[in-house]
Amino acid sequence: MERPASLRPGAPRGAAAPSAPRGVIGQSPIRPEAEAKVNGTFDYASDLHFANMLWGHTLRSPHPKAAIRSIDATAALALPGVAAVLTAADVPGKLHYGLIEADQPVLALDQVNYQGEPVAIVAADTLDGARRAAEAIEVDYEVLEPLCDPADAVAAGSFFRYQPVRLGDPDTAGAAVIIAHEYVVGMQDQAPLGPESGAAVPTGDGGVRLHVATQWLHSDLEQLAPCLGLEPDRIHLEMAGIGGAFGAREDLSVQVHMAMLALATGRPVKMMYDRAESFLGHVHRHPARMRYEHGADEHGRLVYVKASIVLDGGAYASTTEAVVGNAASLSVGPYEVEHVSIDAWGTRTNNPPCGAMRGFGGVQTCFAYESQMDALAEALGLDPLEIRRRNAVAQGSKLITGQVVDAYDPGRAGSDGTPFSPLKDMLDRLAALPAPDAATARDIVDLPGGAGNTTHGEGVRRGVGYGVGLKNVCYSEGFDDYSTARVRLELVDGEPVAYVHTAAAEVGQGHWNLQTQIVRTELGVDRVVLLPNDTKVGSAGSSSASRQSYMTGGSVKAAAEAVRELLAGRDLADGPVEATRVFRHRATKPMDAVTGQGESHVQLALCVHRATVDVDVELGLVKVVDLTCVQDVGRILNPVALEGQIQGGTAQGLGLALMEALVVEEGLVKNASFTDYLIPTFLDMPPMRMEIVENADPEAPYGLRGAGEPPTLSSTPAIVAAVRDATGLALTHVPVRPEHLTVGRPS
């Protein structure tokens with residue numbers, strides 16, 4: 001794709017004029033790390049090794065709640081090769097850390113509050129030696145009764161945040177049809193393929209250098225420094241190779257423990273969780289229990305919505321406060337309604353801590369409100385797409401928080417003057433896309449459970465369902481969200497080379513590639529070198545909230561533009577040109593604590609899905625035959641990476657719909673392994689049809705709209721709706737299990 005003339009500044013003076021650079025915005029160049037990842041030479045955090053290195057390991061609580069009477073490390077220290085055993089008494093600085101609220105102990109003090117809470121850490125010559133030493137530590141626990149039911153936690157006032165939304169008066173709003181149901185969303189795990197890992201290396205001057213797989217280097221630094229009792233400039237964090245994240249790496253895991261062990265022993269220390277420990281050692285998606293009541297008039301237009309949303313935050317705060325804000329503000333979806341009463345809680349229990357995961361509060365409520373829209377459509381005899389059209393927000397509409405939908409071209413009004421509705425347009429596009437062919441004679445492996453020869457088509461029924469998801473992009477509620485980038489241009493062997501330095505985490509989303517595309521676009525150079533992501537440059541914020549393309553993309557663009565301006569009238573042969581720029585999005589406001597009103601979000605993104613499934617109603621098995629989606633991305637920056645994000649987000653939505661749930665009973669995790677915690681494989685994902693819509697956001701760099709999370713929202717309710725269509729069952733719980741489809745099935 002040739003760049004527009006306005007983006008073609010020409011070659012820097014002092015260099016030969018290049019042809020149009022390869023891999024600019026709108027193209028899909030090969031990712032910088034692609035070859036290394038394919039041939040196995042890419043260094044992930046688990047591949048780290050240093051001379052004279054020790055291995056660290058964590059002793060974790062087997063109980064969801066217990067008092068610690070004593071800890072005896074005598075036997076552990078006597079084992080050969082053991083260099084250190086540390087407990088809470090050995091923490092050199094502050095005893096607690098946390099992303100938003102510093103409430104999580106570095107190591108348990110006098111009590112443990114969830115199964116898997118770190119109690120002691122060990123360093124030894126080998127990993128096996130460290131594990132044996134941890135097993136040798138004697139902890140005297142007094143087991144206590146855990147608080148595990150989120151409803152009991154609400155009643156007891158044990159919650160991190162309560163957020164209501166009030167609009168109009170639902171109690172006086174008459175409705176022709178009223179639909180009320182309760183919905184349950186299970187605890188989903190991010191299940192990154194790369195477990196938590198990293199290494200800490202003493203610097204010899206009392207400081208430490210950490211190589212970590214994280215989503216936010218500077219947040220890690222802010223939490224680490226007080227706990228280690230060091231000034232931030234004594235700690236250097238450098239990004240190690242990351243094997244997936246999806247929110248699991250926002251909170252600290254190995255960072256503070258391996259740093260403590262390295263400082264205590266004076267030797268490099270590596271820590272790496274096994275899979276079971278990974279399930280216990282990071283946060284999960286908040287499970288939810290929700291009661292929704294929708295009232296509509298005889299034409300299917302919403303009159304009021306009431307909802308009670310209880311999210312289980314587990315033992316410590318993590319990001320629960322922000323998740324509750326998202327859940328409350330997005331609780332009705334992209335639909336107009338004048339009367340609303342929403343109550344959302346994030347509870348404190350003795351279940352595993354929950355925090356960030358792709359969709360961040362929007363996933364849970366999307367399943368509920370989309371299920372409600374389907375139930376309304378059925379009650380009124382309306383097509384499920386039509387009821388969504390009749391209630392769709394448009395340019396100038398207000399969401400339930402009073403936020404105005406204003407990121408679309410107001411000039412695109414209809415011929416009758418009606419405001420442009422991106423959602424109506426997307427629903428029409430989805431309806432026009434071809435559906436899969438009707439089932440005929442098929443290979444047995446194409447049937448539900450067919451690979452196991454469970455059926456030859458008896459009892460297999462086909463269903464179709466729809467889902468719409470509305471997700472906020474970037475951080476909300478007044479958070480000072482910014483990103484920093486440094487760009488330097490210099491001559492190397494007579495050729496201009498641009499160097500880019502940010503702290504943005506590459507978690508598989510392709511952001512390294514995007515940075516090079518932006519610089520090529522703005523500076524007209526072919527060679528772009530990415531410097532290591534570390535804390536020697538200002539914060540880029542977290543690789544979450546679908547924000548890095550918007551935020552770090554914005555800062556890289558601004559820094560490259562500044563370099564271009566500095567080049568005007570000078571010769572690059574006279575020396576390098578460098579610029580550092582900080583990019584911020586437009587200001588947001590916190591939600592009002594009583595009414596929930598406020599312009600709390602920066603940008604909103606939409607995705608709609610149609611799912612086609614085959615269900616064996618006798619065996620309770622489901623095969624997703626087709627997933628078709630339409631998503632508004634503002635502007636396509638990298639077509640291949642974008643398609644990968646939509647497919648990946650959809651796959652995680654499929655997992656939540658049909659198979660993924662961390663089973664927790666009385667605070668104890670029952671399936672902490674990939675043997676028992678099932679995630680979709682290549683065989684579970686069908687071919688995807690997709691149409692990408694480009695409604696540019698004038699506030700965003702290049703007009704882009706964050707794209708990584710919305711597909712996760714809309715795919716889950718679409719799949720469950722399709723299963724409902726095939727079975728006639730209500731299905732108010734995800735994941736949908738075989739027993740949900742066979743117990744009490746209509747004859």
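How many nonpolar, polar and charged residues make up the lining of the largest cavity? The lining divides into ten nonpolar, eight polar and three charged residues, where Ala, Val, Leu, Ile, Met, Phe, Trp, Tyr, Cys and Pro count as nonpolar, Asp, Glu, Lys and Arg as charged, and the others, Gly among them, as polar.

Before selecting anything, note that this is a predicted model, in which local features need pLDDT of at least 70 and side-chain atom pairs count only at pLDDT 80 or more, while totals for chains, interfaces and linings use all residues. Residues are numbered from 1 along each chain as its sequence is written, and side-chain values use heavy atoms, with hydrogens and water left out.

**The cavities**

Select Tyr97, Gln104, Tyr114, Leu252 and Gly281, which lie nearest the centre of the largest cavity among the 21 residues that line it. A cavity here is a set of points on a 1 Å grid over the protein atoms alone where a 1.4 Å probe fits but cannot get out, and lining residues have an atom within 4 Å of a point. The volume of the largest cavity is about 220 Å³, a volume being the space filled by probe spheres set on the points. The structure holds four cavities of 30 Å³ or more.

By class, the lining of the second largest cavity has eleven nonpolar, two polar and three charged residues.

**Helices α9 and α10**

Now show helix α9 (residues 362-380) with helix α10 (residues 384-391), whose axes come within 9 Å and cross at roughly 110°; axes are lines fitted to C-alpha atoms over the stretch in contact, and angles run from 0 to 180 degrees between N-to-C directions. The two helices are therefore roughly perpendicular to each other, a term for angles of 65 to 115 degrees. On α9 the contact (heavy atoms within 4.5 Å) is made by Glu370, Met373, Asp374, Leu376, Ala377 and Leu380, and on α10 by Pro384, Ile387, Arg388 and Asn391.

**Single sites**

Select Val734 and Pro735 to see a cis peptide bond with omega of about 5°; Pro735 is found in the loop between β28 (733-734) and α16 (738-742). End at Ala191, a residue other than glycine with a positive phi, near 50°, placed in the loop between β10 (177-185) and β11 (197-202).

Conventions. Helix = DSSP H or I, 4+ residues; strand = E, 2+ residues; numbered from the N terminus. Parallel < 35°, antiparallel > 145°, perpendicular 65-115°, else oblique. 1 Å grid on protein atoms, 1.4 Å probe; cavity = no way out; pocket = protein on both sides within 12 Å on 5 of 7 lines; lining within 4 Å.
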